[in-house]
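Here are a few notes to read alongside the structure. Have it open and follow the points in order.

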Amino acid sequence: MAATIDKESFKKEVRSAVKSLYRRNLEEATPQMVYQAVAYAMKEVIIDRWIATHKEYEKRDVKTVYYLSMEFLMGRALGNIIINLCAQKEVKEALDELGFDLNVIEDQEPDAALGNGGLGRLAACFLDSLATLGYAAYGAGIRYKYGMFAQKIEDGYQVEVPDNWLKNGNPFEVRRPEYACEVHFEGYVRVEYDDTGREHFYQDGYRSVRAIPYDLPIVGYNNNVVNTLRIWDAEPINTFSLDDFDRGDYRKAVEQENLAKNIVEVLYPNDNHYAGKELRLKQQYFFISATIQTALKKYKEHHPDIRKLYEKVTFQMNDTHPSMAVAELMRILMDEEMLTWDEAWEVTTKTCAYTNHTIMSEALEKWPIELFSRLLPRIYQIVEEINRRFVLEIQSRYPDRQDKIRSMAIVYDGQVRMAHLAIVGGYSVNGVARLHTEILKKQQLKDFYEMMPEKFNNKTNGITQRRFLLHGNPLLADWVTEHIGNEWITDLSRIKELKIYADDPKAQKEFMNIKYRNKVRLAQYIKEQNGIDVDPRSIFDVQVKRLHEYKRQLLNILHVMHLYNMLKDNPDMEFYPRTFIFGAKAAAGYRRAKLTIKLINSVADVINNDKSINNKIKVVFIENYRVSNAEMIFAAADVSEQISTASKEASGTGNMKFMLNGAVTLGTMDGANIEIVEEVGEENAFIFGLSSDEVIKYENEGGYDPMEIFNNDMEIRRVLMQLINGYYSPNDPELFRDLYNSLLNTYSSDRADTFFILKDFRSYHEAQLKVEQAYRDEARWARMAMLNTASSGKFSSDRTIMEYVNDIWKLEKVTVEL
């Protein structure tokens, strides 16, 4: 494709945008104003492609996937759009000539606060791949005003503050009020009978909000395709009741406004209380109902027979949050399109598909019947009927097996089980790494797999190399292109061609010099943000991911405490300097995870200020971990900490981003780590710990007592005692008591050390010693790092999406000509 931007026209567009937006000349504009102007200029470049893409989809009448997700962790849009338009050179030169630095302008853009962790980032990678591969797709989610939260670290504690990412507006979004629709909550269901005796159901007495879509462009790489991420805002139907206000009932006067406002305020409101649970359920139904309503209207514009919906539409449910799609589609098909139950069920079960992202029971959502039926009365009726019919199927297949009903029913024990609704109501159920899918089939969803094996399949996750190498690590991206050409940008399997350079001393030196320059860049960021000096010649050992006990940030920091003890006891011991870098948000209501953040920062305060160890260990906690600083971190990492308890991590995608950027995995045989090791070879990774089978056996049969380790291993005991003797919290020796208790369970009936931290501690330490030994051998480490990059081809989201397209969605590739 020819250059997409004429430099002189672009400069003119930027100058004009500053004038029209801010009534200023470019010379008077702030960097934020220039960012907004550049974004509007880029939007002008892509708008014709955006229109042309959707016209081509309509002309070709292609099947569309709606990717339903509570999260889309998009990162910054401007840099990604410039990269995918292949306009980096022109835009950079244009801005240079105008007197601005593209990097500084990119830094003015806040990360879109539409996601939190791997689930949302995967959704973003998938949208990038769908557009790059030329498939018709909509992302569908919520336009959160404040996201989850922006993380501040104050006195070592996580403090959650609103992430006001929209305060300057979002120049790339397009408000689409013409596609607004109503979403109904509460009320009651009224039944009427027609002349044939058929029941018709109506929801009366409801409260409603208006769903307004905002469209964001998803630009494919160098192919003119621009798909859409549609995020829904909520507005009141009636904004203000003057009658109520005049009567002095001020709260009732703005009730409608507050109902709408609350729905889109934050991602994952704390559900430790009833109001939080209710708000989460409202959010899920809100964006699902709005998406399905508009998808069906769009389908009906060109297709008269709603019973053939599945030929042109598929709804992919990204985890259990969107599983309401099954019941909402049934509602519309029966109550509005007048299909019979059997007709509607046939359409639904050929249209909906489900991705499971976890085996952790708390993520397999369950809603109290009382809440669900009050908030969504008609949806609850439909779920009850789906359940009634499914239980009859179970009884027919497995007579006198109450255990099967207990394990598989959608409504049971006063709860609605959303994962079960998604499995029963969809045509595909996929896990996200080979091990994860096997555990689902043999453990978590064993009874479902036995009853309907044809639905189950695996789709190992992937990442977009365009964001995490081409944009995030331009030095390495240029080096790769110099050596093997640029085909890897859209076909990551080509990166294997780098393997012939792994033993070449010149190539090794170049590769490691790039790593060093990226470490210098990150060291500067750490100095600016944390005020800590770190040595780019030290080993950068990195664990960045959502904070959860199963991800075992606690194991990492306990081991750092152990290394520090060793250095204090033997100041002259042989020890290669290490910088341990953490980044993680903990859910606002997750007390133990937040205490782990405090521990990491308390350990950092002690170690970083101890001159006696000569800077041999530094500990850094990077505040407000997000996509934009993640790109910098992945590029600089030497060691990729992927240390979840085996069997608990569904896949992980951070492991793939580190690998692509030449970091070596230190991890358990869990999630996609297994497939990473298969690709790169066990000799080019550091594997430790219990296997998933061993973990599952201990969980099922017992036989593990952490107190034995505590009693018999003096060094581990010393580390644990430092949690409760004030060593890292002199003003409050009891501060970390809960972490201590969680490992030994002195005062609880729960199983001690649920995530096998002490059991894996020694094995982890041995693996860390091997890391140091390997790093000292420069040629060996360079070879390992290069082979990790060269072996990452399987882990592109392009490959994952092609598997979804071929095995699940059956989409047709489209070419867009301008």
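1. Two bridges join strand β5 (residues 174–175) to β9, and the two run antiparallel. Strands here are DSSP runs of E, at least two residues long, numbered from the N terminus, and two strands pair if DSSP finds at least two bridges between them. Arg175 has Tyr214 of β9 as its bridge partner.

2. A word on the source: this is a predicted model, where local features need pLDDT of at least 70, side-chain atom pairs count only at pLDDT 80 or more, and totals for chains, interfaces and linings use all residues. Residues are numbered from 1 along each chain as its sequence is written, and side-chain values use heavy atoms, with hydrogens and water left out.

3. With strand β10 (residues 226–236), β9 makes 11 antiparallel bridges, and Ile212 has Asp233 of β10 as its partner. In the hairpin of β9 and β10, six residues sit between the strands, and Asn222 takes a positive phi near 55°.

4. Why is β9 largely enclosed by the rest of the structure? Because 11 of its 13 residues (207–219) are buried, meaning under 20% relative accessible area with a 1.4 Å probe, protein chains only.

5. Now look at Trp809. Leaving aside neighbours within four places in sequence, Trp809 is in contact (heavy atoms within 4.5 Å) with residues including Lys63, Tyr67, Leu130, Tyr427 and Ile801.

How values were computed: Buried < 20%, exposed > 50% of the residue type's maximum accessible area, 1.4 Å probe, protein only. Helix = DSSP H or I, 4+ residues; strand = E, 2+ residues; numbered from the N terminus.
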